[in-house]
Amino acid sequence: MLYQMNKTIVLTIVGALFFYEGTRAQQFVVDGIKYNVTSVENRKVEVVGGYKYYRGDIVIPSNVEYDDVSYRVTSVGNDAFFFCNEMTSVVIPNSVTVIGDRAFAYCWNAGDIQVPDNVVSIGEEAFLVCSGIRNITIPASVTSIGNNAFALFSENDPDVNTYYIATLNWNSNLDFSSIASSFLGESNRVRDINVRQLVIGRSVTRFAFYDYSYDVHINYLKTIESITVDAQNPVFDNRNNCNAIINTSQNKLVAGLSNTVIPDDVTAIGECAFLNCDAITSIAIPSSVTTIGYSAFDGCDNLSSIEISNSAISFTDAFKGCIGITTIVLSGSITSVVDYAFRNWENLTSVVIPNTVTSIGNYAFAGCRG
C-alpha cells in the first residue's frame, strides 16, 4: 500500500514537472523578440511583448528557431507592441496573417507600418494613435478590420494638429462601414483622420460606398482630395481623372467629391453618390446623364447652383436636404422641361432657360417659393 502511494506521488511530481516544462516552453525570446507558441503540432508562434517592451528598429522574421525547432511566425498578438512609443520602425513579415487587438496601439514614433499582403484580420485598435503612419495599404486578403483600428484619440496624440494619412490604398472587398469604423471610430471619443488620397486597388470588385445600417459614406472622410482607381480594376474606374469612382460597365458614378468633374459619357449618378458632401457648391450635370439616384446629393448643404444639360433626367429626392440651391442653369441643348422637374425646390430664386426650350411641363416649378 505504501509502495503504491509512493509510486503515485512520484508519478504526480514527474507529471507536474513535465507540465511545468511544457508550459515554460510555450514562450521564448530570440534576438530580443518574445514569442508565444500557438501550435506545437504545426510549429506556429505569435509575437508577444507588452507595454513598452520594444524600442528602436524591430524586424520580425517569418521563421524563428528555438531549441532546434523552427517555428513559423503567423500572428502579432494582442497588445504585443502596446505603447512602445520608443520603437522607431517595425517590419512585419508576409507570414503574418493576424494582427491582434491593440497590437501596435500608441506606437506614434514607428512611422509607416506596412500591413503584409497575407493578413486576413486586423484587430480592434490595432494601430490606434499611430500618428507616424502616412500611407496605409489594406491588402486584398483582409476580410475583417476591428473598430478604431486606425483611429486617433486626440487627447493622447502629441501631434494631433498635423495628423493625416497621405494615401489610403484600399484593396479589400469589405464594405465601407469597415473604413468608417476603422478610421473614424466612435464620434464622441475619436478625432476624424485626414485622408488625403484614396486609392481603390485592382482587387476591389464590390464596395459599399454608402452603408445605410451605419449611416456612413465616403464623404465622411471629408478631407479626401483625390480618388484614384487602379487601371487594372475590372469593375471600377476614374476615367479622365474625374476624381470619382465609376462603375465601368454601367457608366454609373457611384462616389464623388466636391471637386469631381462628371465625365460626359456617364449615364447615371448612383444613390448617395455625393451624400453629405458639404464642400460642394456647384455641379454641372452633362447631357449624357439620364438618371440620378435617391439621395445622390442629400446633405450637400452648400450646394447652391446646378447646371443641367438634360431636363428629361429622372430623379426622385436626389437633392433632398439641399436647402441652399438657389440657381438652376439649363443648357442650350435643352428643348423642353418635363412635368414636375423642379417641383418644391423651395429656395430657388433664379432659373436660366435657354431660347431652345419650346415647352415647359405641368407643375415643372410648382412650389418654388424663393
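**Entry 1: the model.** I'm working from a predicted model, so everything below is computed from it.

**Entry 2: cysteines.** I went looking for disulfides and found zero. A disulfide is a covalent bond between the sulfur atoms of two cysteines. What keeps Cys 84 from bonding to Cys 107? The closest cysteine sulfur to that of Cys 84 is in Cys 107, but the gap is 5.2 Å, too far for a bond. My cut-off for a disulfide is 2.5 Å. I also checked how accessible Cys 84 is, and it's buried, at 0% relative accessible area. Cys 300 counts as buried too, with 0% relative accessibility.

**Entry 3: salt bridges, overall.** How many salt bridges does the whole structure hold? My search turned up five. Side chains of opposite charge can pair when their charged atoms come close. I wrote up some of the pairs below.

**Entry 4: Arg 102 and Asp 79.** Here the closest N and O atoms sit 2.7 Å apart, and the two residues form a salt bridge. I then looked at where each one lies: Arg 102 is in the loop between strand 8 and strand 9, while Asp 79 is in the loop between strand 6 and strand 7. They're 23 residues apart, so this pair links distant parts of the chain.

**Entry 5: Arg 202 and Asp 230.** The side chains of these two meet in a salt bridge, 3.7 Å from N to O. Arg 202 has a relative accessible area of 46%, which makes it partly exposed. Asp 230 also counts as partly exposed, at 23%.

**Entry 6: Asp 265 and Arg 239.** I found a salt bridge here with the closest N and O atoms 3.3 Å apart. Asp 265 is in the loop between strand 19 and strand 20, and Arg 239 is in the loop between strand 17 and strand 18. The two are 26 residues apart and link distant parts of the chain. Asp 265 is partly exposed at 35%, whereas Arg 239 counts as buried at 15%. Under 20% is buried in my notes.

**Entry 7: a network.** Which residues does the network of salt bridges link? Asp 237 joins Arg 239 and Asp 265 in it.

Note on methods: Residues are numbered from 1 along each chain as its sequence is written. This is a predicted model: local features need pLDDT of at least 70, side-chain atom pairs count only at pLDDT 80 or more; totals for chains, interfaces and linings use all residues. Side-chain values use heavy atoms; hydrogens and water are left out. Buried means under 20% relative accessible area, exposed over 50%, partly exposed in between (1.4 Å probe, protein chains only). A salt bridge is a side-chain nitrogen of Lys or Arg within 4 Å of a carboxyl oxygen of Asp or Glu. Helices (H or I, at least four residues) and strands (E, at least two) are DSSP runs, numbered from the N terminus.
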